[in-house]
Amino acid sequence: MADSVDLGEIQETLLIPLYGRAKDAQSETSILNDRTAIDLVDAIDYDFGKFRGPSLSGSVLRAAIFDEYVRDFLRAHPDGTVVDLGCGLSTRFHRLDNGRLRWFDLDVSDTMTLRRKYFEDTDRYTMITASIFDEDWYSAVAATDGPIFLLSEAVLLYFDQARVHDVLQRLSHRFAGSLLAFDTGGALMMRSQDSNPVFRAVPARMLWTCGDPQSLESLGIRLVDSRTFGTPQTSVARSWPAKTRFLMTGLGRFAPPVRTYKMNLFEL
Ligand SMILES: C[S@@+](CC[C@H](N)C(=O)[O-])C[C@H]1O[C@@H](n2cnc3c(N)ncnc32)[C@H](O)[C@@H]1O
């Protein structure tokens, strides 16, 4: 029998990228080839079919861009520490594990209860039940050797600007010198949520609008790199089907929601 889910409103949104990755894995031109996502969708009792539209493949493109940021970090620091803040049912650790890194996946308790049904801690992989906005997890992460890469994918968007700015400043103080990757969305993307088929299927809405990630430098963080679906890293673009690349180049230039949805890398 499939597992029922009992998730808060924002937490439920983790099922959107999960389904996106499962659908991608079933495609002949899969980008992430995340077979585990297929197993998880099968294992969970939920009406995934209600999720439709371009945001499903968008979550795959986004994951591919963030994967490459982490790969770059691991090429330079194979023994480094990666922390995925608001991991949901992401399989990024399993996609990128180089046999040496240290990895923490963090999420709030209802999500972690679900996650722990399918994943187990190991000597290099630890799940933490905590909020990105709390500080009780800082010491576990800071106790590791080597440089740290923090990542928060499709999480901060769901919170208001004051909370986001506050957490960015606190992370910047505590993890000075580390890298932090997260996504930002412009006003048009935020305004179009009610007409986006995936958001019509869930109650949660994104709250934080940030049209220009560079403006966040006033919080004491430095923008190192910023990508849209129209401007992925070269190696990532090569892994996308030609049709996707072509479409995203066009949309990235002319469609404001795509042009202003950014995957960013900051130095704290
Ligand atoms: C759209 S999902 C993204 C999940 C995952 N990052 C991915 O891309 O597949 C949003 C995630 O934010 C998590 N979340 C909600 N509130 C959080 C908090 N205060 N701290 C950390 N994560 C939180 C949810 O549990 C959920 O996993």
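Reader: How far is an oxygen atom of the ligand from a polar backbone atom of G88?

Author: This is a predicted model, so the distance is one computed from predicted atoms. A pair of N or O atoms counts as a polar contact if the two lie within 3.5 Å. The ligand contributes an oxygen atom and G88 a polar backbone atom, and their separation is 3.4 Å.

Reader: How is helix 2 oriented to helix 4: roughly parallel or roughly perpendicular?

Author: Helix 2 and helix 4, the latter spanning residues 54-76, pack with their axes 8 Å apart and at an angle of about 85°. Angles of 65 to 115 degrees count as roughly perpendicular. Helix 2 and helix 4 are therefore roughly perpendicular.

Reader: How many residues of the contact of helix 2 with helix 4 are charged?

Author: Helix 2 contributes I16, P17, Y19, G20, R21, K23 and D24, and helix 4 contributes L56, S59, V60 and R62. Of these residues, five are nonpolar and two polar, while the number of charged ones is four.

Reader: What term describes the orientation of helix 2 and helix 3 to each other?

Author: Helix 2 (residues 15-26) packs on helix 3 (residues 35-43) with the axes 7 Å apart, at an angle of about 120°. The crossing is left-handed. From the angle, the two helices are therefore termed oblique.

Reader: How many residues of the contact of helix 2 with helix 3 are nonpolar?

Author: On helix 2, the contact involves L18, Y19, R21, A22, A25 and Q26; on helix 3, it involves R35, A37, I38, L40 and V41. One of these residues is polar and two are charged, and the nonpolar ones number eight.

Note on methods. Residues are numbered from 1 along each chain as its sequence is written. This is a predicted model: local features need pLDDT of at least 70, side-chain atom pairs count only at pLDDT 80 or more; totals for chains, interfaces and linings use all residues. Side-chain values use heavy atoms; hydrogens and water are left out. Axes are lines fitted to C-alpha atoms, for helices over the stretch in contact, and angles run from 0 to 180 degrees between N-to-C directions. Helices (H or I, at least four residues) and strands (E, at least two) are DSSP runs, numbered from the N terminus. Angles under 35 degrees count as roughly parallel, over 145 as roughly antiparallel, 65 to 115 as roughly perpendicular and the rest as oblique. A crossing is left-handed if the near helix is turned anticlockwise from the far one by less than a right angle, and right-handed if clockwise. Contact means heavy atoms within 4.5 Å. Ala, Val, Leu, Ile, Met, Phe, Trp, Tyr, Cys and Pro count as nonpolar, Asp, Glu, Lys and Arg as charged, and the others, Gly among them, as polar. A polar contact is a pair of N or O atoms within 3.5 Å; within protein, one must be able to donate a hydrogen and the other to accept it, and residues adjacent in sequence count only if both atoms are side-chain atoms.
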